Amino acid sequence: MTNRAKVAVGGVAVGIVLLWLLPFWAALLVIVGVPVGAYLLLDPSQRTRLRRVSRKELRR
C-alpha cells in the first residue's frame, strides 16, 4: 500500500469517526476546513502551480 493510499484510508477513517462523535455540521466543518486551510497556507506560487497541474499529474 502506497503512502498516499494510507493517508486516504486514514482520512476516511477520521471522517467517519468525526461524523459519529460530533454533530453533522461540526464534522463537515472539519472535513472541509482542513483541506481549505492547507490550500490557503500555500505560497501564491505554489497555488498557481497546483492550479496549473492537471489531475493526471497530481496522482503521480
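Mentor: The protein chain has 4 helices and 0 strands. From the N terminus on, the order is α-α-α-α. Keep in mind that this is a predicted model.

Trainee: How much of the protein chain is buried?

Mentor: Of its 60 residues, 7% are buried, where buried means under 20% relative accessible area. The protein chain exposes about 5,500 Å², and 69% of that comes from carbon and sulfur atoms.

Trainee: Why is V32 called partly exposed?

Mentor: V32 has 45% relative accessibility. Buried would require under 20% and exposed over 50%, so V32 falls in between and counts as partly exposed.

Trainee: Where is V32 found, and what makes up the nonpolar surface patch?

Mentor: V32 is found in helix 2. The patch covers about 790 Å² and is made by L19, F24, L28, I31, V32, V36, Y39, L40 and L50. Helix 2 gives the most to this patch, with 7 residues.

Trainee: How do you know that the span of helix 2 agrees with its number of residues?

Mentor: Helix 2 has 17 residues, 24–40, and at 1.5 Å a residue these should span 24 Å. The end C-alpha atoms are 24 Å apart, so the two values agree.

Trainee: Where does the kink in helix 2 lie?

Mentor: The kink lies at G33, shortly before the proline P35, and is about 30°.

Conventions: Residues are numbered from 1 along each chain as its sequence is written. This is a predicted model: local features need pLDDT of at least 70, side-chain atom pairs count only at pLDDT 80 or more; totals for chains, interfaces and linings use all residues. Side-chain values use heavy atoms; hydrogens and water are left out. Helices (H or I, at least four residues) and strands (E, at least two) are DSSP runs, numbered from the N terminus. The expected span of a helix is 1.5 Å times one less than its number of residues. The bend at a residue is the angle between axes fitted to the seven residues ending there and the seven starting there. Patches are made of residues with over 30% relative accessible area and no salt bridge: like charges are joined within 9 Å, nonpolar side chains (Val, Leu, Ile, Met, Phe, Trp, Tyr) within 5 Å. Accessible areas come from the Shrake-Rupley method with a 1.4 Å probe; for residues, only the protein chains shown count as cover. A salt bridge is a side-chain nitrogen of Lys or Arg within 4 Å of a carboxyl oxygen of Asp or Glu. Buried means under 20% relative accessible area, exposed over 50%, partly exposed in between (1.4 Å probe, protein chains only).
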